[in-house]
Amino acid sequence: MAEVFFNGVSGRLEGRFHRSENPRAPLVLVLHPNPIQGGTMNNRVTYTIFQAFVNMGFSVLRFNFRGVGYSQGEVDGTGAGELSDAIVALDWLQNMGQDSNQCWIAGYSFGAWIAAQVLMRRPEIKGFTFVTPPTNTHDFSFLSPCPASGLIVQGGKDVIVDENSVSALAEQLDTHRFVNVVYRMLPKADHLYTNELKSLYDTIVSVVPDIQTAQPQKTSKKTTTIILNDDY
């Protein structure tokens, strides 16, 4: 994993980049929580997502939004500045992996909301992973129809983001017959995935490969909802 810097709209952005040994490996950009609330690329959940994709063979970039860590500029926190940063970061990542065969995007909490906006703007993105998308505080209605298949993960003990609203989002996104949205609820996980980071990691590495290879059915279907039990 290499420390990297690249130019953003408001100055230099700091990141960590893992390059796969396979030049055609898929790419994924991982986005961290709201910087106003202390979110950074070194957040434990963000790092867990990063490591899961590394171990699945992706080339992976995580980075600090403007004003966070060694990234230059002023913290925004509204989403506009972070979206601009994410677009620049995706451009940088794609330039580093020009022979890649697939591009994904992932995010945790506020980062999932930014990731969803990037997904709608970049048709080359073929898959997503949203961990605890903040459906009760941020609007996701622009994801209509959802342009790619993906995974949504939510904690059953989260008192910040309502699980019912996240499962409803997953069901809504899965209505397009050419898209497969998989929902996983981890019953013992809180908003920070305290003592549940391994369950989060295992969920990502078990589901994402299936999404990569699956061909969504061209018929009506219902969101795949699985509650992981205590033995997982």
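Which residue's side chain does glutamate 124 meet in a salt bridge? The partner is arginine 122, at 2.8 Å from N to O, where a salt bridge is a side-chain nitrogen of Lys or Arg within 4 Å of a carboxyl oxygen of Asp or Glu. This is a predicted model in which local features need pLDDT of at least 70 and side-chain atom pairs count only at pLDDT 80 or more, while totals for chains, interfaces and linings use all residues. Residues are numbered from 1 along each chain as its sequence is written, and side-chain values use heavy atoms, with hydrogens and water left out.

**View 1. Salt bridges of arginine 122.** Arginine 122 also meets aspartate 91 in a salt bridge of 2.8 Å, N to O. This pair links distant parts of the chain, 31 residues apart, with arginine 122 in the loop between α3 (110-121) and β6 (125-131) and aspartate 91 in helix α2 (residues 80-96); helices (H or I, at least four residues) and strands (E, at least two) are DSSP runs, numbered from the N terminus. Arginine 122 is buried at 14% relative accessible area, whereas aspartate 91, at 37%, is partly exposed (buried means under 20%, exposed over 50%, partly exposed in between, with a 1.4 Å probe and protein chains only).

**View 2. Arginine 16 and glutamate 3.** The closest N and O atoms of this salt bridge are 3.8 Å apart. Because arginine 16 lies in strand β2 (residues 11-18) and glutamate 3 in strand β1 (residues 2-8), the pair ties together parts that are 13 residues apart in sequence.

**View 3. Arginines over rings.** The charged end of arginine 12 sits over the ring of phenylalanine 5, 4.3 Å from its centre, the rule being CZ of Arg or NZ of Lys within 6 Å of the ring centre and within 35 degrees of the ring normal. Arginine 62 lies over the face of phenylalanine 50, at 4.6 Å from the ring centre.
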